[in-house]
Amino acid sequence: MAVKLINIGFGNIVSASRIIAIVSPESAPIKRVVSEARERGLLIDATYGRRTRAVIVADSGHIILSAVQPETVKHRLQVRDNNVESADAE
């Protein structure tokens with residue numbers, strides 16, 4: 001069984017099977033989730049100092065900050081799924 005990996009920007013890669021949600025960082029509840037993850041030591045900042053545009057929630061409880069838009073991460077995830085499905089069909 002192959003591990004599906006998703007590029008979340010700047011060469012950072014996350015296992016697609018571990019992603020629960022990809023959300024925008026603008027709302028107060030998401031800001032609280034990020035703050036709590038930072039306090040618990042479960043925050044992974046993959047922005048390289050740039051503005052956070054997507055917050056990725058992993059099934060392990062880790063919160064991952066990305067500098068790419070949530071739609072871009074979703075598109076990369078869908079493209080990866082389509083490529084795997086077409087390879088399986090062959």
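Is Arg 51 buried or exposed? With a relative accessibility of 52%, Arg 51 counts as exposed, and the points below place that residue within the rest of this predicted model.

1. Overall layout. The chain holds 2 helices and 6 strands, and, read from the N terminus, these elements follow one another in the order β-β-β-α-β-β-β-α. Of the 90 residues in the chain, 30% are buried, while the accessible surface amounts to about 5800 Å², with 51% of that area belonging to carbon and sulfur atoms.

2. The salt bridge of Arg 51. A search of the whole structure finds 2 salt bridges, and one of them joins Arg 51 to Glu 26, with 3.4 Å between the closest N and O atoms. Arg 51 sits in the loop between strand 4 (43–46) and strand 5, and Glu 26 in the loop between strand 3 and helix 1 (28–40), so this pair ties together parts of the chain that are 25 residues apart in sequence. The two partners fall into separate accessibility classes, in that Arg 51 is exposed at 52%, whereas Glu 26, at 48% relative accessibility, counts as partly exposed.

3. The salt bridge of Asp 59. The side chains of Asp 59 and Arg 18 also meet in a salt bridge, for which the N to O distance is 2.6 Å. Because Asp 59 belongs to the loop between strand 5 (54–58) and strand 6 (63–66), and Arg 18 to the loop between strand 2 (12–15) and strand 3 (19–23), the pair links parts that are 41 residues apart in sequence. Asp 59 counts as partly exposed at 44% relative accessibility, and Arg 18 is likewise partly exposed, with a relative accessible area of 39%.

4. The nonpolar cores. The largest nonpolar core has 11 residues in all, namely Ile 6, Ile 8, Val 14, Ala 16, Ile 19, Ala 46, Ile 56, Ile 64, Val 68, Val 73 and Leu 77. The elements that contribute two or more residues to this core are strand 1 and helix 2 (70–89).

5. Asp 45 as a partner of Thr 47. The side chains of Thr 47 and Asp 45 are joined by a polar contact of 2.5 Å, and Asp 45 itself is found in strand 4. Asp 45 also lies 5.9 Å from Ile 64, C-alpha to C-alpha, although these two residues are 19 residues apart in sequence; Ile 64, in turn, is one of the residues of the largest nonpolar core.

6. Backbone points to check. Phe 10 has a positive phi of about 60° although it is not a glycine; this residue is in the loop between strand 1 and strand 2 and is partly exposed, with a relative accessible area of 41%. Tyr 48, another residue other than glycine, has a positive phi near 55°.

7. A nonpolar patch on the surface. Val 3, Leu 5 and Ile 13 together make a nonpolar surface patch of about 290 Å². Val 3 belongs to the segment before strand 1 (5–9), and its relative accessibility of 55% is why Val 3 counts as exposed.

How values were computed:
Residues are numbered from 1 along each chain as its sequence is written. This is a predicted model: local features need pLDDT of at least 70, side-chain atom pairs count only at pLDDT 80 or more; totals for chains, interfaces and linings use all residues. Side-chain values use heavy atoms; hydrogens and water are left out. Patches are made of residues with over 30% relative accessible area and no salt bridge: like charges are joined within 9 Å, nonpolar side chains (Val, Leu, Ile, Met, Phe, Trp, Tyr) within 5 Å. Accessible areas come from the Shrake-Rupley method with a 1.4 Å probe; for residues, only the protein chains shown count as cover. A salt bridge is a side-chain nitrogen of Lys or Arg within 4 Å of a carboxyl oxygen of Asp or Glu. Helices (H or I, at least four residues) and strands (E, at least two) are DSSP runs, numbered from the N terminus. Buried means under 20% relative accessible area, exposed over 50%, partly exposed in between (1.4 Å probe, protein chains only). A nonpolar core is a set of buried Ala, Val, Leu, Ile, Met, Phe, Trp, Tyr and Cys residues joined through side-chain atoms within 4.5 Å. A polar contact is a pair of N or O atoms within 3.5 Å; within protein, one must be able to donate a hydrogen and the other to accept it, and residues adjacent in sequence count only if both atoms are side-chain atoms.
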